[in-house]
Amino acid sequence: MTVVGNLFVPKNLVQNEKAPAIIVGHPMGAVKEQSANLYATKMAEQGFVTLAMDLSFWGESEGLPRNSVSPDIYAEDFSVAVDYLGTRDFVDKDRIGVIGICGSGSFAISEAKIDSRLKAIATVSMYDMGTATRSALGHSQSVEQRKEIIKEASNQRYSEFLGQERKYTSGTADKLSENPSDIEKEFYDFYRTTRGYSANTTTHPTLTSNVKFMNFYPFNDIETISPRPLLFIAGEDAHSKEFSEDAYKLAAEPKELYIVPNAGHADLYDRTDVIPFAKLTEFFKDNL
């Protein structure tokens, strides 16, 4: 399957010199035009060659059925991006890093454990999609509730195999309910308004494939990434902060947990006055 990305090259790139590069992964259910392009642009302005890519099954990247969940393939996409960047004559293949936003933070970590070419790993508003699917935020979902989700998805496979309509799940609400939670409103404000809307995604994964996240444990063996550095960035008020904190506790040195004051989860998607680009620049200049 072909993985599609947008390549950004610094205007001041010196001819015949090899520059460091950064791969940028978009939030789960999003596309590269949502958040990833912004990060790629800003880091290219700091002298890095950057590549904002669409994960397989989403956006312009290939993969059928569309909106399928496959954590292994999502992780593999980051290595595919390294393959591409590391073979460009203007990129130093020994200085390639990654920024994973939201769900892509967990996919990037998953791949960094088995691809040593990723030399520096940063996550922003990271979601551990495995824990989020198995246990929900704050471990609020019981095992019995989990089993009901699995049962529904399992039975749906029969229906789709027999040619019936495909079903989708989770993602951002298309219309707000009468009493939406703060998290629902936060995602709606980004994905369903002019702020972050893209006609190229619904954010809804397929119902039958979403349960694959329950077998996804990105933080297992995270300590083996050392001595390559890890930077976890999270908003002080983010509902997802627990995932960055969990990863930080399990990771080995060198590692850093950087908390952005007065910032929520989606604030770090596009709020240029809040996103700590100076911190990211420092991290990658020091480690690439």
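Me: Which side chains meet Asp182 or Lys185 in a salt bridge?

Reply: This is a predicted model, in which local features need pLDDT of at least 70, side-chain atom pairs count only at pLDDT 80 or more, and totals for chains, interfaces and linings use all residues. Residues are numbered from 1 along each chain as its sequence is written, and side-chain values use heavy atoms, leaving out hydrogens and water. A salt bridge is a side-chain nitrogen of Lys or Arg within 4 Å of a carboxyl oxygen of Asp or Glu. Here Asp182 and Lys185 meet each other in one, at 3.6 Å from N to O.

Me: Where do Asp182 and Lys185 lie in helix α6?

Reply: Helices are DSSP runs (H or I, at least four residues), numbered from the N terminus. Asp182 and Lys185 are three residues apart in α6 (residues 182–191), which means that about one helical turn separates them.

Me: Is Lys32 buried or exposed?

Reply: Buried means under 20% relative accessible area, exposed over 50%, and partly exposed in between (1.4 Å probe, protein chains only). Lys32 counts as buried because its relative accessibility is 0%. Lys32 forms a salt bridge with Glu33, with the closest N and O atoms 3.2 Å apart, and Glu33 is partly exposed at 39%.

Me: Which residues of helix α1 are buried?

Reply: In α1 (residues 36–44), they are Ala36, Asn37, Tyr39, Ala40, Met43 and Ala44. Seen down the axis of α1, these fall within an arc of 165° (taken from the directions from the helix axis to the C-beta atoms), so they line one face of the helix.

Technical notes. Helix = DSSP H or I, 4+ residues; strand = E, 2+ residues; numbered from the N terminus.
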